[in-house]
Amino acid sequence: EGVTTLELAKRCGQSVATLQNILVNVGEKVGSEFDPLGIDVAELIAMEVGVNVKRLHSYEGSIVLPRAPVVTVMGHVDHGKTSLLDALRQTSVAAKEAGGITQHLGAFVVGMPSGASITFLDTPGHAAFSAMRARGAAVTDIVVLVVAADDGVMPQTIEAMSHAKSADVPIVVAINKCDKPASDPERIKVQLASEGLPLEEMGGDVQVVEVSAVTKKGLDKLEEALLLQAELMDLKARVDGAAQAYVVEARLDRGRGPLVTALVKAGTLVCGQHVAVGAEWGKIRAIRDMAGKLTGKATPAMPVEIEGLKGLPMAGDDITVVDSEERTRMLSAGRKKKLEQDRLRKMDEERLRKIDEEKLRKMEKEKNSDSESTEEEEEPTRVELPIIVKADVQGTVQAVTDSLKTLNSPQVFVNVIHVGVGPICQSDLDLAQATGACIVGFNVRPPATSLSLAAAQANIKIKVHRVIYHLLEDVGNFVVEKAPGTF
Ligand code: GDP
C-alpha cells in the first residue's frame, strides 16, 4: 500500500527524475513512476529531499516539552568571545562535576538554580555559525553579541548583527570588559542603537547586559537575560519518537574512533540506534553527556558525545535515525555519491569559468592591440596559493577553510587542496612538497622538530595559529610576498 513515485514526487514538490536519481543512489530498483514504493523507501526518499511528511503524522499526540535555548557567542575579534565562553564553561554542569576541568567539546550546558538550563555552542565566531547554516542546520536560538566596552562597535560586530538578522535569531548584547577603567558602556549602547539595534532601554526588545569575563561580574545577569529571551520565544520540542539531531563537532579519537558532539533538536536519541550522519553512518555504541558520563539517551538541547560512526562527519550535518544498518549504509552511499557528483560538477564549473576568463582576457588583449596602445601591458596573472589545512576538530577545519577563501581576489586564488583533522604529519609534508603548498595548522600542536627541520630544508612554509585573525594576517602577508602588489 505504498505511494507511487509519481505521487511522492508531487507531495514532496520534486520531479520524478529527482526521486528516481535518489533511488539509483541508494541502490534501489527504479521501476515505473506508477509502481508503488515500499514505506521504508518512500520515507528514505522523503528524508533525502528534506521532507518529513510520513513521520510528522506518526508523531501526532506526542509529548512536547519546553527545552533549553541554544546560544552562540559572536562579536569582533579580541572583544572577549573566547574568554566569555571560558568563564561560562566554568559554571557549566560538566565543570561542576569534573571539579572545574573541562575540555572543549563543542557545547556545554549551564544549569540555573531554578532548574532551567542554557546550552552554549562552544565555537565562537561567524565562520562556524555560517558553516552550520550553510548545511541547513538552524541550531542557534539566541546570539550573544559581545562588544568590548573599551573599544566599541567594529566591523565584525556589525557582521554578527547581520548574520543574526538574516538567520532571524534574536540578539542579547553582552558589553564585555566592563572592569576596564576605559570602559564606556553608554557609548557602546548609543553606537549599537545607531546601527539599528533596538535596545530595550530605548524602547526596543534587545536586552543589554554589562559583564566582565575576567572578574565574572554580570555573568549571572547575562544568563538571566538569556532565559528571559528563551521564555519569550516559548521554545519547545517533541521529546518522544525518533531523534532529529545535528553534529556540532566531530573529532577522531585514537582508541574510540570518530567522536561526534551532537545536539538533539527533537525526539530522543538512543544508544544502539542506527544513524545516518551527513554522508557517514554507524550504530551508536555509546552516548556520553558533557561530563563524560555514559547515558543511554539524549533529549532535546542536551549536547552529547556519540561514539560508533564509521567516518568523520562535518559540523552542521544532520543525524537521522534509520531503522536498519542496511538502510544507513544505502543512505550514506547515496549521499556520498551525491557529494562526489557535486564536487565534480563544481570542478567542471570552475574549469569552464577559467576557460571563459581566459577567453575574455584574450579578447580584451586583442581589443587593446587593435587600438593604438602599443606599449607592452603586463598581463595580470592570478597567483595560485595551494594550502593544506589541519585543525583540531572538523568544525574548525571548515571554519578555517572558509575564512582562508576570503583572501581570494582577482590576483590570488587560495586553493585549499587538502584538509584534515589532527596534527601536521609527514604525509602533509609530502603533499606540500609535491604541490608547493603551504601548510596551515589551527589549534594543533606545532609539528615535531624533525618535521620542522624537514620542512625548512624543503622550503615548505608551515603556519600554526590559535586565533583565526592571526592566521589570516599571517597567510595574508604570505600572499603579499607571493603576489606583490595585491593589496
Ligand atoms: P575573542 O577574540 O573575542 O575570542 O577575544 P578573547 O577572549 O581572546 O579576548 C581578547 C583579549 O581580551 C584577551 O587578552 C583577554 O584576556 C581580554 N579580555 C577578555 N575579556 C575581558 C574582560 O572582561 N576584561 C578584561 N580586562 N580583559 C578581557
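## Basis of the values

The model is predicted, and local features need pLDDT of at least 70, side-chain atom pairs count only at pLDDT 80 or more, and totals for chains, interfaces and linings use all residues. Residues are numbered from 1 along each chain as its sequence is written, and side-chain values use heavy atoms, with hydrogens and water left out.

## The ligand and its shell

Of the 15 residues around the ligand, those that come nearest are D78, T82, S83, D179 and A213, where a residue is near a molecule if one of its heavy atoms lies within 4 Å of it. By class, this shell has seven polar, five charged and three nonpolar residues; Ala, Val, Leu, Ile, Met, Phe, Trp, Tyr, Cys and Pro count as nonpolar, Asp, Glu, Lys and Arg as charged, and the others, Gly among them, as polar. Helix 5 (residues 81–90) gives the most to the shell, with three residues; helices (H or I, at least four residues) and strands (E, at least two) are DSSP runs numbered from the N terminus.

## Aromatic and charged side chains

The structure holds one aromatic pair, for which ring centres must lie within 6.5 Å, with planes under 30 degrees apart counted as stacked, over 60 as edge-to-face and the rest as tilted. The rings of F108 and F120 have centres 5.4 Å apart and planes at 25°, so the pair is stacked. Because F108 belongs to strand 3 (residues 107–111) and F120 to strand 4 (residues 117–121), the pair ties together parts that are twelve residues apart in sequence. Both F108 and F120 are buried, a class that means under 20% relative accessible area, with exposed over 50% and partly exposed in between (1.4 Å probe, protein chains only).

K310 lies over the face of W281, at 5.5 Å from the ring centre; the criterion is NZ of Lys or CZ of Arg within 6 Å of the ring centre and within 35 degrees of the ring normal. R288, in strand 13 (residues 280–288), counts as buried at 18% relative accessibility, and its side chain is joined to that of E307 by a polar contact of 2.9 Å.

## Positive phi angles

Most residues other than glycine have a negative phi.

D234 is another residue other than glycine with a positive phi, near 50°. The loop that holds D234 runs between helix 10 and strand 8 (236–238), and at 48% relative accessibility D234 counts as partly exposed.

## A contact across the sequence

G308 is found in strand 15 (residues 303–309) and, at 6% relative accessibility, counts as buried. G308 and I284 are 24 residues apart in sequence, while their C-alpha atoms are 4.9 Å apart in space.

How values were computed. Phe/Tyr/Trp six-rings, centres within 6.5 Å; stacked < 30°, edge-to-face > 60°. Polar contact = N/O pair within 3.5 Å; in protein donor to acceptor, adjacent residues only side chain to side chain.
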